[in-house]
Each structure stands twice: as structure tokens, then as C-alpha cells.
Amino acid sequence: MNVADLPKVELHLHHEGAAPPAFVRQLAQEKSVDISKVFNAQGGYAFNDFVHFLSVYEQATSVLKTPEDYGRLTTAVLEESAANGVVYTESFISPDFCGGGDLGAWKEYLHAIQDAADKAEAAHGIILRAVVTCVRHFGPEKAKASALCAAETAGDWVVGFGMGGDEGQGRQGDFAYSYDMAREAGLRLTSHAGEFGGPDSVRDAIRDLGVERIGHGVRAIEDPELVQELIDRDITLEVCPGSNVVLGVFPDFAAHPIERLRSAGVKVTVSTDDPPFFATTMRREYQMLNQAFGYDADIFHTLNTTAAHAAFCNDETRARVLKALETT
Ligand code: HPA
Ligand code: ZN
């Protein structure tokens, strides 16, 4: 069997970062927005490094102006994920981009996204849940508005709170107030750490924010004590190997630490991050891991079961996901 055909759970996907370039170009044309600098000659997204990537990401995202646009985005993203065999996905959705942190507007965006997700689930069986994210380089004050939006809409669909953006700006602990608010609302917590920041960034996310999952976290490999701490605390890493390679965190798949972390006993999972930006898909990630490390159906099944257990959804949904991993 081709491992790329296996059913998959994806825990780390930025909603706008999953937008197909053709979809973004279409919206730009409809709205007469000039985003030609976002694309390369082949029509893919063009950027030189991580900070440039974040800027291109925000320019591409600027064509998404209304709740309806986010509904259409959700349909496009979930069709692509379902075509890749994804049965459950957790998507990072940011109130900064969906209504600018205004609670009333956020609810309208969320409604449109959820409506599209319900239709995609009926059509393709794929389940979506939302992890509301603040954007680190927008600063702690904007994060508080995002956390309030998250807390006010927390439930069976908005299931988590997280932080993306430029890990080079500020510290994890600057966002403790927002994380406390999200935790008090019952949301489960994750943060990007140990991607561009080193092991200390991962430690800060655990100690200062109390996260139970880490976005990336792969640079923990530089510190054996931290690797042991991840195991002891039962923390799951949302690993995105193809993203790390394109952004130069590691030179290629063979040099990626996912296998060293896994064999040490750390709970690792596999995601795409921003698939069209990084010229990847879930199918491709599985193929590359199979080539680099010989990951077979058994290993992928374990990774997907780990992901299902680390998912922030309720137990009724988790049971459905686990069943889909067995039967598809
Ligand atoms: N990393 C960090 N922040 C982000 C990303 C990412 O890949 N995509 C969108 N915001
Ligand atoms: Zn990410």
C-alpha cells in the first residue's frame, strides 16, 4: 500500500496559509487588489525567508475581506485536505484577520467558516475544529482581543488557543494574560516555539503559557534535558517537516529531527503548516517521510492515533476520528 493513501489527522494548519494560489488570485481579481508581488513566475507564492514569508502571507490574506470570503476559503481548504486523505483537521484562525479583533465581526466570520465546514463534512466526511490564534508580532495587546474572541466563542467547535507569527519578537511570557483568559474559558493551549527560537523558547511556552502541545518544537532536539521534559510532561509536537525544510530550519528531510524525537519517545505528529506556500501537501509529507526514514503504514497509524489523542476536540468527536483511522 502507498502510505500517502492512509487516512490522516492534521493538527497544525494555518487557515489562510492553506489558501490555494488560484483562489487568492481569483479573489484579488474580483476585488481589484494588486497582489502581483506575492507570486513568482510559476504562479506560486514567492518569499526569501521566514520574515518575508510572514509579509507575503499577510499580503495574500488581505484579499479575504468578508465572512463570505472566509466561507469560500474554508470550502477550498477542506476540499484539498479531504483529497489528501485528511479525516480531521485543526485550523489556526485569527481574529486579527477575521474582523480585526472585534467580537461581533469575529462571530460573523466564525459563523461563515463553520457553515462551510459543516457542508464540507457532509460532502467529504472531513471534520474541522478551530484553534483561535493570536499573532506574536502584532503584540500582547492585540493578543488580548483575540483571546477575548476565543473565550467568548469557546465550545465544541472553537476548541483551542494558540500563537503564530514571528518567534523572533518578544517572549512567550508576554502573552500569559491572553493564555490565562483562554484557559479559564476551557480552551486547550498550543504555541509556536522551537521553530526559529531555540530550546528556551519551548521551555518558555511550557512554563509561562502552560501549553500542552507545541507548534513545531523541533529545535528541542538541541537539548537532551528538554527532550526528556517533553516526554515527562506528555507534550505533543505538531511537526511540519516540509515547512521546516523550505524555511531553512533544516537543510533536507534526511536532516530533520522528527525521527530522532520519535525514537527518543517524544509524541510527534505530522502537519503541513501552510501547504501551498511550502509546495507541499499531506500526501507529499507522508511520501517524503517514507523515503527519508522508511515510515510505513504501522508508524503512520501510530502517529495518527497520537494526533487523534492530542486533538483538542471533545471525546465524541475523537471517537469518530479514531474510527475513521481504523476503517478508511
Ligand atoms: N509559522 C508561524 N506563523 C505563521 C505561520 C507559520 O508557518 N503561518 C502563518 N503564521
Ligand atoms: Zn505554523
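Predicted model: local features only at pLDDT ≥ 70, side-chain atom pairs only at ≥ 80, totals over all residues.
Hi everyone, let's start at the metal: the four donor atoms around the zinc ion (ligand 2) subtend angles of 83 to 170°, which makes the arrangement irregular.

Residues are numbered from 1 along each chain as its sequence is written, chains are lettered from A and ligands numbered from 1 in the order written, and side-chain values use heavy atoms, leaving out hydrogens and water.

So who holds the zinc ion (ligand 2)? The coordinating atoms come from H12 (NE2), H14 (NE2), H192 (NE2) and D273 (OD), at 2.1 to 2.2 Å. Donors here are N, O and S atoms within 2.8 Å of the metal (3.2 Å for Na, K and Ca), and because water is not among the atoms, sites may look incomplete.

H12 lies in strand β1 (residues 8–14) and D273 in the loop between β8 (267–270) and α11 (282–293), so this pair ties together parts that are 261 residues apart in sequence. Helices (H or I, at least four residues) and strands (E, at least two) are DSSP runs, numbered from the N terminus.

Are these two buried or exposed? H12 is buried, at 0% relative accessible area, and D273 is buried at 3%. Buried means under 20%, exposed over 50%, partly exposed in between (1.4 Å probe, protein chains only).

Stepping back, the protein chain has 13 helices and eight strands, and 57% of its 328 residues count as buried.

Definitions and conventions: Tetrahedral: all angles 85-135°; square planar, octahedral: opposite > 155°, others 65-115°.
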